[in-house]
Amino acid sequence: MEFVVRGRIVVQKKHILELGNVAADVADDIGDLLGNKVTLQLVSTELDPETGDCKQSPEVAVSDWFLSKDGFVPDDVQYEIIFQLHTSFGIPGAFAIRNHHKHEFYLKYVKLELPDATVLHFPCNSWVFNASKYKNDRVFFSNEVYLPSDTPPGLTELRERELRDLRGDGTGERHESDRIYDYDLYNDLGNPEKGPDMIRPVLGGSREHPYPRRCRTGRSPAISDPSAESMPAQRKDFYVPSDDRPSRRKQCALFEEKLKAAAHSLLPVLKSVFGRSFKSFEEVMQLYHQEMSVEASTTADDEEKHSPHTVLVQNEFKDCKNTSWLRYPIPQIVATDEWAWSSDLEFARQTIAGVHALKITCMKAFIPESRLDPSKYGAPSSLKPEHIEEQLEGLSVQAALRGRKLFSVDYYDTFMPFLSRINAQEGIQSYASRSIFFLTKQGCLKPVAIELSLPPQTPDTSSHRVFVPPLSAEKKDWLWDLAKAHAACNDATYHQVVSHWTYTHAVLEPFILAARRHLSTMHPLHLLLDPHFKDTLAMNALARKTLTSAGGVIEKSFSPGKYSFEMSSAAYDSWSFDDQSLPADLIKRGMAVPDEKEKHGLKLTIEDYPYAIDGLEIWSAIRRWVHEFINIFYKSDGALQADNELQQWWSEVRSTGHGDKSHEKWISGIDSKANLENLLTTLIWTASGRHAAVNYGQYAYQGFLPNHPSKTHRLIPQEGTKEHAEMRENPERFFLSVIPTKAETAMLLTTLEVLSTHPEEEEYLGQRTGDEHWTSNREILAAFHAFSRSIAEIESGIEQRNSDPQLKNRRGPANVPYTLLCPRSGAGITGRGIPNSITI
């Protein structure tokens, strides 16, 4: 006896704007009419009692493929599908799909309705290529999850086979249709075929250059340097496993952002030749206030009129009506007051409520410590108590230390080993900086000294200059302003290369690779972690193409240039996963101490520390959600110890993904629920809250480069020199000659604008909007809804704190509210919003 199962399959076809896809769509329609169809076959949760094999339904083809609307817009396309099943078939737990079309499509989900009205959901979210591309059938499981030992008998072999397919055998070059996840070193940052200046060291696999692993592509070695991987024939051909390639809608959003970025990168140079510095702050502000139209090029001088940039703008954008593409939006830091950024209080406030509010440290001793060899780098500091004691509200330095009122942002050890090579690059002059701050009676920080250091001429000498602010805020001191600019430049580099790229993007990739290789899509932890891993491998591959590669945006935009990622490797050497939990990080930096009487079990050193206050709220909400989730599936520590997929995942993270740190103490096994809870909370926090805190405020604070310059071209002049006289004659123009030029500014603003933008379909913390049927488990749904409500309450609390005039660090002189950890956001550059994952 048979019964009918009706279903719906939902797909997205390739986008018509992608080259060749018009023909591809027509070819697939014709092929479908000729019998080359898409077919599905259900798999039961039960085994066939006679053969002991999986029960499979007859194969059914998707009808009327050619009748759907073509891919002119990134919309979903739905097809009905009908199965005839024998009553002994049991409950479908999976299906196999075979694409006999020539081209791939994005499969979103399949939904089945049984005769008793039970609805089964099969989330897919993957690209499906022609069946000939796969060794085994593509298989998708329902949204029911099981620990390995609880897998229904009919699905056990499929579960294991899927993981074997995803691991591959570690050989061969990867292709677009592949779904294989494997590891490799960062041997693709350079491009040695383009000459010696494009060679970069291999990161990872050595004591000299430790680094996390990336996704293996299997490309052949470079001819001129076999230690490096060759570049693909086309830069777009950076491999991303097809299960982790963004949906068509997301690809379209990225395409639109690239178009917008292209317009911006061209137009600001119409008024000047590339390479010139700004002449005044008014000229800097014209980037945001002046209408950048194609007609502007007619006023350019002869050299400008014939530049390739001007010609391209005239040819490509002459009919463009969207003038918002032709002008940069005003960064928040200058939106209310064009000069508040330059105040000392705002400079200090950004260390606890800016785009890089997770570096500041409470000082334990006034003489800064250094791990560097003094016989090579000289004495680490020339700071003395008398430099700052006049500014400590009557306290001595020792009293201020005892009262936990002195703080530092210290880049001496980070920059000094590289500084000689950095400054040997054409047009770059930088220091290694230390900034010292004092916590005033009003609860605000103020800078009291900045020490700028250069490599010593001889081992027994040192080269430090100490700058202090003018005693009167009414008095302008351009030397002090230049010192702040150099310190901010160090901060901008460390923020981008270390805190942003290395400590979020790069360190998470091995966790994702190991999860894909060892945690089945049927595993409960896949359900928990997958939204926090979404699109990250694709974004990291995109970064290796354009941002982190030799001659890429980061090398061109930041002072360390070609040494940027060697610095990144040096920073990773001191990275520890245990320190990435927010409470551990705050305690390590002396910004909090354990105190069970306080909320979250911590007492903050600075009571009005927006990043820490908002972050701890988010951290605690994530931890409660993780705690509830774990307890649904693991009833004891022994249950997780017996989970072979979980243990293999973590073992591979330790031994391979972060293999350069496999000897360190933080690498330990998962032997308790408390241990697993902290691990998973840290992973989710890193992918969501921490990344949001260092990413989505980039345009707000760094979009006005005098506030946070990425590159410095000149040192601070010594009194009596020609440069000092030049500075005294026109200090504003001298200041602007130190920071990025117009061309450098245009390039960086273009990048920051894209990095700071939320797409329309962004999924935020506490949301699962991408798939409404992600689970049918009522316990999970109840715990998740409680998590969502807590996130909404946290957002309301942040808004209230930002409206409290007593909390002076929430807005500061520039009147920029701290919203980087506000969970929700609209599309665009908003300076707020915590996406579930690293999606840009």
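Visitor: What covers the buried residues of H7?

Guide: The cover includes strand E13 (406–410), strand E14 (432–439), strand E15 (445–454), H11, helix H17 (610–633) and helix H21 (698–702). Contact means heavy atoms within 4.5 Å, while helices (H or I, at least four residues) and strands (E, at least two) are DSSP runs, numbered from the N terminus. This is a predicted model in which local features need pLDDT of at least 70 and side-chain atom pairs count only at pLDDT 80 or more, whereas totals for chains, interfaces and linings use all residues. Residues are numbered from 1 along each chain as its sequence is written, and side-chain values use heavy atoms, with hydrogens and water left out.

Visitor: How many residues of H7 are buried?

Guide: Helix H7 (residues 344–353) has eight of its 10 residues buried; buried means under 20% relative accessible area, exposed over 50%, and partly exposed in between (1.4 Å probe, protein chains only). The buried residues are Glu346, Phe347, Ala348, Arg349, Gln350, Thr351, Ile352 and Ala353.

Visitor: Moving on, which residues touch the most other members of the largest nonpolar core?

Guide: Leu586, Tyr609, Tyr611, Trp649 and Leu680 do, in a core of 175 residues. A nonpolar core is a set of buried Ala, Val, Leu, Ile, Met, Phe, Trp, Tyr and Cys residues joined through side-chain atoms within 4.5 Å. Helix H11 (residues 478–518) gives the most to this core, namely 20 residues.

Visitor: And what does Trp649 touch?

Guide: Leaving aside residues up to four places away in sequence, Trp649 touches Phe511, Ala514, Ala515, His518, Leu519, Leu529, Leu679, Leu680 and Leu683. Another core, of 28 residues, lies apart from the largest one, and its members include Ile9, Val77, Val110 and Leu114.

Visitor: Where does Val110 stand?

Guide: Val110 stands opposite Phe122 in E8. Strand E7 (residues 105–113) and E8 pair in the antiparallel sense over eight bridges; two strands pair if DSSP finds at least two bridges between them.

Visitor: What is the strand order in that open sheet?

Guide: The four strands run E5-E1-E7-E8, with antiparallel pairing. Strand E5 (77–86) and strand E8 (119–128) are at the edges with a single partner strand each, so one side of each has no neighbour in the sheet.
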